[in-house]
Structure formats: C-alpha cells, structure tokens
Amino acid sequence: MKKCSKENIYKVFNALSSDYSVYVPVKEENRTFYKKYFDGVVLAENFKTDRSAKDFFFPQSEDLMKFKTQGKSIEIIDEREESEDFIIFGVPACDEASLRILDRVFLAEPVDTYYQNKREHGVIITTACSRPEASCFCSTFDIDMARPQGDIRTYKIGDYFYFEGLTDKGNKVLDKVNALLEDVDQGEVEKEIENIQKVKEKLPLKDLSVKDFGADKTQEFFDRKEWAELSNACLGCGTCTFVCPTCQCYDIKDFNTGKGVQRYRCWDSCMYSDFTKMAHGNSRNSQMERFRQRFMHKLVYFPTNNDGVFSCVGCGRCVSKCPISMNIVKVIKTLSKGGENE
Amino acid sequence: MQKITRESLIQKGVELLENGTVDRILGWGKGEFGYDITPTVFYDKESFSKNFEFSSFCGANFSKYLLKETRKGGKILVFIKPCDSYSFNQLLTEHRFDKDKVYVVGISCEGMADVNKIKQKYGEIASVKEDENGITISTLYDGDKTILLDEVLLERCKVCKGKECVYFDEFIGEVKENNPQDRFEKVSALEKMSADERFAFWQNELSRCIRCNACRDVCPACTCEKCVFDNPNSGVENKAISDSFEEKMFHIIRAFHVAGRCTDCGECSRVCPQGIPLHLLNRKFIKDINGFYGEYQAGKEIGSRAPLVNYKKDDLEPSEAVKREEE
C-alpha cells in the first residue's frame, strides 16, 4: 500500500502523462465527466461520472472500415489502429465491474478486435465510493464499493490518496511514479472500509434483492401481466440503454461518402422500434415487448448464457436519468415474488 | 374552491370511477424516493388510492399519452394542470385524438419542482416529504432540509403562462395570481450575442446530445406515427452522432417542425438526460412569430389557426422579416 497527498496526485498525473493519456473525472457546469489530464485540470469532488467508462472501450460511434470504389473494383481499407496507452482514474466499483461484463460479450469468440485493442491498452484505476448516490444498489449484485477491482485500487481519505496495485499492468504504472509515493500500512484504509460499510447501510436501495431472478427463469417471467403496466408510460427513448455501463447492443451502418462507403457502428437500443429489424419486419412490435426485452436480458437471458452473472451493476444511472422514472429497481420490486423487496 | 391535495384528487378519482363516468385514470404514480413519479394508468380504486401521488414533483405533462389511451375502449380520467391544458387543446386542434374518450379534471397548480436543481444544491436525496411549510428532503449525508418551492421551480414554472386551465370538464382548486418572469429573457440575450458567440453557445450545449430522442418522444407537438428519424428507409435515420450534422441540425430541424404548434410546455428540457436547454430554440420561434404576426399562444383556443399556416392580407412580407432581424 502506497499513499500520496492530494497536491501530489497532480504530480502523479503529470508524470504518467508522458507515457499515457490520463483521463480524470472533472466537474464542469453540474456535469461530471472524464477529461484528458493536462496541467491545471482539477479533479471532481465526487468521481461518479454522468456516463460510465464504457465509452472509452465501446464509443457511441466508431468507424470500422472503408470501401473505396473505382470503376468496378472495390478496395477494402482496414481502419484499425493500435490504441494509445491510456489510464482512466477514479472509476467506481460498479463501472469497473461493468467492463468485466462487457468482456464476456466482446472478448468471447469471435473476439471484437476494436474493443480488445482498447481494453489491452487501457489501465483502470478504481476509487472506493465513500459517498454513493441515493440511487446506488451495487451490493444487490455483490459488488463491493469499498473494495473495487481494476488494475489499481485507490482510496481518497482525508488529504491523501491510497494506492494498491492489483495487476501487473497496475504495478507497472505505480513503479513509474514510485518516487512520488510513500509506503504506508493498511490501517487507514481498513478504517475507511469500515466507514463505507456504515454509509452503505444508509442507502435507500440497500435491501434490493434479485434472488428470484437469474438463469433459466424465462418461463417464470416472460408472460407476467405486470409488464404491460410497467412499460405503459415508457417513451422508448433509450436513455436507460445509453447511460447503462453494461448495455452493449450496436447497429452497423454504411455511410455513402460519394467515393465509397464508410462503415461504422453506433449504439443501438432494444427500446427502439427499428431495433433488430429484419426483412420480414420487426421481431418486437410493441413497446411492452421492447421494454420486457431490456429487463429480461439483464435479469434472465444474460445470466442464462453467462454463468448466472446479471448484466446490471447497480450504478443507478437509469434510475436518475429516465424521463418517466421507470427503471430496473421498480421492475425488480414489482416482479419479485412478494416479501423480500417490500 | 379548495387547495389541491393528494387526498382531494383521490376522492375525485374514486367518485368518477364509482359513478361510471370513467373506467380508468391517468395519473402520477408513486416512486421509490418520493420525487421519481411515473405516469401511470390506474384501473381500480384500490391501486389508485394506494399508488397515486400528487406533490410538487408532478411536472409530467400527460396530454401526449392520450393519443395512445384514447385508442382503447372506455373513457379515461386525466388530471390536467393549466400549462398541460394548452398541449391538450393543441392536440385537439390537430385532430390527434377524440376528446369524448377523455374526462378532464383541470387542477390548479402552484408550480412544480425541478429535482435536479434540488440535487445540485443539497446533494443526494433519500426521500422527500411535503406539507404547508414546504418541501422537506432527507439528504443522505447532510440531514433534513426544508426548502421553498420558489427556489427550485422548473424552468417552465418560472415563466408560467397562467393559472387557468384552457380546457376541462370540471375544474378543482384555487386560481391564484402569479408574477411570471419574462420568458424571452434568455432568448434576447442569445440574440444580442455575435454569431460566433451564439454558435459557440449552441455548439457547447448540443455537443452533449446523445440522440436518445427523449425530447421528441415526450413532445406533445411531435406526434407523427413514424418519425422520419426512426425510419430506416428515409436515408436520415440515425441512432448515433455520426457527424456534426447530428448535433447542429437535428434539434434545429425539430424546432422548425414544431414552430407555431409548440405551446412552450418545456417537457423537452425537463426530460433531457444531458441537461440541454432545448426550449430556447422553440422560444426563439415563438418570439419571432409574436414579433412578426402579433401575439399568438398555441393551444389557447381549440381550432385556432397558427400564423405560420394562416394567410392574412396584412401579413408581413418575408423580406420585411429579414430586415427587422437585421435591425
């Protein structure tokens, strides 16, 4: 375990900037987002960003390849480039967990090389949450906000940052700034972990349980009559899918450049009317079916195909961003078999 | 005349369900924290009495939901606030639904709260309570706070267009005078900027757009059966920001499309997950229309012809409009 003062953290960022692009959470005009560090950039007080670190690895739109046409010949231009080495600092436990969920999708065969490339070059520095939001429920998914994973884990305690390398990649980064860090024992951090446990007890959603959901429960939930009521006010805007750190659906599109074709992919949403539209039309024609798809995917289908792992990390972004305040918490509570979520 | 409370609305709703006037109710449904209200259709008095909510967090405008609801059988009760009634009228003007399938209870309103403003000022909120002294919030880290509604009003309530419902079958509540701020203040400030400054302002705001289209989905003036931007055959369908067209043009095109029909209900800005002040685009059109053709409020009267779709001999020549802009 190492530590450095709040002032020295900027020296750490500066030193790392020569080998990496360092992205840190900043707050400007009530918005918290990752900004590339340069001299003078000031860290936000709270590190939870409005949009998650997913965007670094799976951006909203991304060029895939180009087709250049000349007469009757078509040239295919591979647009993949080696990603820069980069560090994302201050990632909360939930968002780091979401990357491991995305890995199950993008790094499974056939490997998504666009995602893999960025994942290999990215270093995740997590920070324990001492001030979670009212909408947080990561513990529902056994994620510990006091012991985040990642390449390096940090704690912000008083006037110091505490660092703990968790992977080779992380230790390599810490070695580069060793001169700026001092060795400490675990004492302060143990106390902070206890504090966080107390804070967790205050969270309004701390008792939310998903034990009724999981792998192979399709028949149990698919035809529940409550879906109609839950989805009735849904605008179908897909904001929940866009701010979600685990939503990973995309569409591939061709843009006519006049001289050829630019093929790119962009986020798609199961909440949209033209999602997975095929030659025969759309497989899910009503908003109820589309709404059901999103929550069944997170709570039943994904666990069915991924060793029981849910594709929700309880970050609470959908809870605070949905224009009509309908969200996975209300879905879980409504569909649970009475009792534990009352 | 009585002050509107949750109880008085439940009483009214139950009465109308019991006497058969309506068979269901569109109202605000309770949330997890007190401020996260979901528009909900209630089919029986038990669930209505249990889960209906009325508080300072009931900003949602229900008019657009009536498109869907009036296609079902029976008759639905809807609670309409004064500003929502303009959207209701505008939809009737555009023949978007059958008013005989709706029973409107107009309710007075003293303004609605913007929960984002409260969160920015007081931090994380675990729950809210409301009584005659104001709104009491239990914060997660800073104890209880009592706040005045006036401090945290939604943008559209600060410029309230009047306390009287322009459509209702019956009205309950008390109509109080109010002193709204000038709604064109920010538009005027933008007009005074240089073109470059204005461009920078909108570039900054619109660059955050994630094209979720929540503004369009909630907008009572956007009622196309299939939006051109959702139609893969249109050639302009898009889900992500693929180039600068997206951020610069989409919202401007939408503002043009609803110009003259927009009642300035403010739902677009209220629901934007990225906090973009989209209502300013619509207000610019309203201000211009008022200036060029005389004051006009969309939705004030059913069947009124908006200046942009109406020809009068003394209408301003287009060249005149350009000249005035330059002055």
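Predicted model: local features only at pLDDT ≥ 70, side-chain atom pairs only at ≥ 80, totals over all residues.
Me: Which residues of α7(B) meet which residues of α12(B)?

Reply: From α7(B) come B:Lys186, B:Val187 and B:Leu190. They meet B:Leu280, B:Arg283, B:Lys284 and B:Lys287 of α12(B). By class, this contact has 3 nonpolar, no polar and 4 charged residues.

Me: How is the packing of two helices described?

Reply: Two numbers describe it: the angle between the axes and the distance between them. In chain B, helix α7 (residues 185-192) and helix α12 (residues 279-293) pack at about 85°. Their axes are 9 Å apart. Angles of 65 to 115 degrees count as roughly perpendicular, so α7(B) and α12(B) are roughly perpendicular to each other.

Me: Into which domains is chain B divided?

Reply: Domain 1 covers 6-114 + 155-172, domain 2 covers 115-152, and domain 3 covers 185-326. Take domains 1 and 2 of chain B. Their centres are 25 Å apart, taken over C-alpha atoms. At their contact, 10 residues of domain 1 touch 13 residues of domain 2. The domain 1 side has 4 nonpolar, 4 polar and 2 charged residues.

Me: Which residues touch the most other members of the largest nonpolar core?

Reply: That core has 156 residues. The answer is A:Val22, A:Ile87, A:Ile88, A:Cys138, B:Val78 and B:Ala113.

Me: What does A:Cys138 touch, not counting residues up to four places away in sequence?

Reply: Its partners are A:Ala93, A:Cys94, A:Ile143, A:Met145, A:Val313, A:Gly314 and A:Cys315.

Technical notes:
Residues numbered from 1 in each chain as written. Chains lettered and ligands numbered in written order. Domains from an automatic or database assignment. Contact = placed C-beta atoms within 7 Å. Nonpolar A, V, L, I, M, F, W, Y, C, P; charged D, E, K, R; others polar. Core = buried A, V, L, I, M, F, W, Y, C linked by C-beta atoms within 7 Å. Buried ≥ 20, exposed ≤ 12 C-beta atoms within 10 Å, placed from the backbone. Axes fitted to C-alpha atoms, helices over the stretch in contact; angles between N-to-C directions. Helix = DSSP H or I, 4+ residues; strand = E, 2+ residues; numbered from the N terminus. Parallel < 35°, antiparallel > 145°, perpendicular 65-115°, else oblique.
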